Amino acid sequence: MSAWPVEASLSVPVVVTAAVYLRGWSLVRRRLAQRFDARHAVVFLSGLAIMALALASPLDELTHRWLAAHMVQHLLLMVVVAPLVWMGAPVVPLLVGLPGWARGIVLSGLSGAGIRCVTRALVHPAVGWIAFALSFWIWHAPALYDLALESDFWHHVEHACFLVSALLFWRPVILAWPARMAWPRWTMIPYLALAMFQSLPLAAILTFSDRVIYAGYSSIDDQALAGVIMWLPGSLPLLLPILWLVVELSSRPVAMVRHHV
């Protein structure tokens, strides 16, 4: 636990992203103070910090020994880091925070008709949900899971798939400005609930299996603990937004009536 790995491939992008965001946030806040406050910067930077903790800390070293630690790492990326990043409303600050020449390249690249079509498809809620579920199940297949344990390259690919699919999944839930709703707001309740339930079969398999599923680990108790972590703490970040949406949607008619009166 005394070893704290420092990887330039992670630390440099994290630091650069934080610097670009903070620059853009400070510039945008002057003009749009009603949309951006300190809360946005805090949650965005917290998301980056937790990502660094998951991928470049003693936790990453422990993932090669304990399946439970590996499960914590995956859950941090998929249900903690991704929503925190979106809660920071990062699109405009990251764009504004870029140097002028880099911003021009990005805007020019995004202006093409083909790129716009691809972007619209990627940010659709159905694509986000399917990507989230497929990434979860594909990378927890024993052959691919063991491959990621044996190869640093495939381990990085696995983490990238988890994070990108989670960002696509959480976008319509958080709906950070300037995103617009593609589906009615109430649909995010079954959207989250189905995502929560689709992981339960794997959690049950890990918890109650009488044999070791992944060749890289040897302890049944460790495997059962990983299943419990996926089952209980892994479901909470999906359950809390459901409750929040129920409260939000149930209070809307009252607010509308009061405004009308």
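Guide: Contact here means heavy atoms within 4.5 Å. Helices (H or I, at least four residues) are DSSP runs, numbered from the N terminus. This is a predicted model, where local features need pLDDT of at least 70, side-chain atom pairs count only at pLDDT 80 or more, and totals for chains, interfaces and linings use all residues. Residues are numbered from 1 along each chain as its sequence is written, and side-chain values use heavy atoms, with hydrogens and water left out.

Visitor: Which helices do the buried residues of α12 pack against?
Guide: Buried means under 20% relative accessible area, exposed over 50%, partly exposed in between (1.4 Å probe, protein chains only). Helix α12 spans residues 200–208, and Leu-200, Leu-202, Ala-203, Leu-206 and Thr-207 are buried there. Seen down the axis, these residues fall within an arc of 160° (taken from the directions from the helix axis to the C-beta atoms), so they line one face of α12. Their packing partners are α4 (67–87), α8 (125–139), α11 (188–198) and α13 (220–231).

Visitor: Which residues of α9 are exposed on the other side from the buried ones?
Guide: In α9 (residues 142–150), the buried residues are Tyr-145, Asp-146, Ala-148 and Leu-149. They cover an arc of only 155° around the axis, which puts them on the same side of α9. They pack against α4, α8 and α10 (152–174). The exposed residues on the other side are Ala-143 and Glu-150.

Visitor: Where do Tyr-21 and Phe-44 sit?
Guide: Tyr-21 is buried at 0% relative accessibility. Phe-44 is buried too, with a relative accessible area of 2%. The pair links distant parts of the chain, 23 residues apart: Tyr-21 in helix α1 (residues 8–31), Phe-44 in helix α2 (residues 38–55).

Visitor: What is the angle between the planes of Phe-208 and Trp-231?
Guide: Phe-208 is in helix α12 and Trp-231 in helix α13, 23 residues apart. Phe-208 is exposed, at 61% relative accessible area, while Trp-231 is partly exposed at 29%. Their aromatic pair is edge-to-face, with 5.9 Å centre to centre and a plane angle of 90°.

Visitor: Which residues does Val-28 touch, not counting residues up to four places away in sequence?
Guide: Val-28 is found in helix α1 and is buried, with a relative accessible area of 6%. Its C-alpha atom is separated by 7.8 Å from that of Val-92, 64 residues apart along the chain. With that sequence limit, Val-28 touches Phe-36, Val-92 and Val-96.

Visitor: Which residues form one aromatic cluster?
Guide: The rings come from Phe, Trp and Tyr residues. The cluster consists of Phe-132, Phe-169, Trp-170, Trp-183 and Tyr-191.

Visitor: What is the relative accessible area of Leu-239?
Guide: Leu-239 is found in helix α14 (residues 236–260). With Leu-236, Leu-240 and Leu-243, Leu-239 forms a nonpolar patch on the surface, with about 350 Å² of accessible area together. Leu-239 is partly exposed, and its relative accessible area is 34%.

Note on methods
Helices (H or I, at least four residues) and strands (E, at least two) are DSSP runs, numbered from the N terminus. Patches are made of residues with over 30% relative accessible area and no salt bridge: like charges are joined within 9 Å, nonpolar side chains (Val, Leu, Ile, Met, Phe, Trp, Tyr) within 5 Å. Accessible areas come from the Shrake-Rupley method with a 1.4 Å probe; for residues, only the protein chains shown count as cover. A salt bridge is a side-chain nitrogen of Lys or Arg within 4 Å of a carboxyl oxygen of Asp or Glu. Rings of Phe, Tyr and Trp (its six-membered ring) pair if their centres lie within 6.5 Å; planes under 30 degrees apart count as stacked, over 60 as edge-to-face and the rest as tilted.
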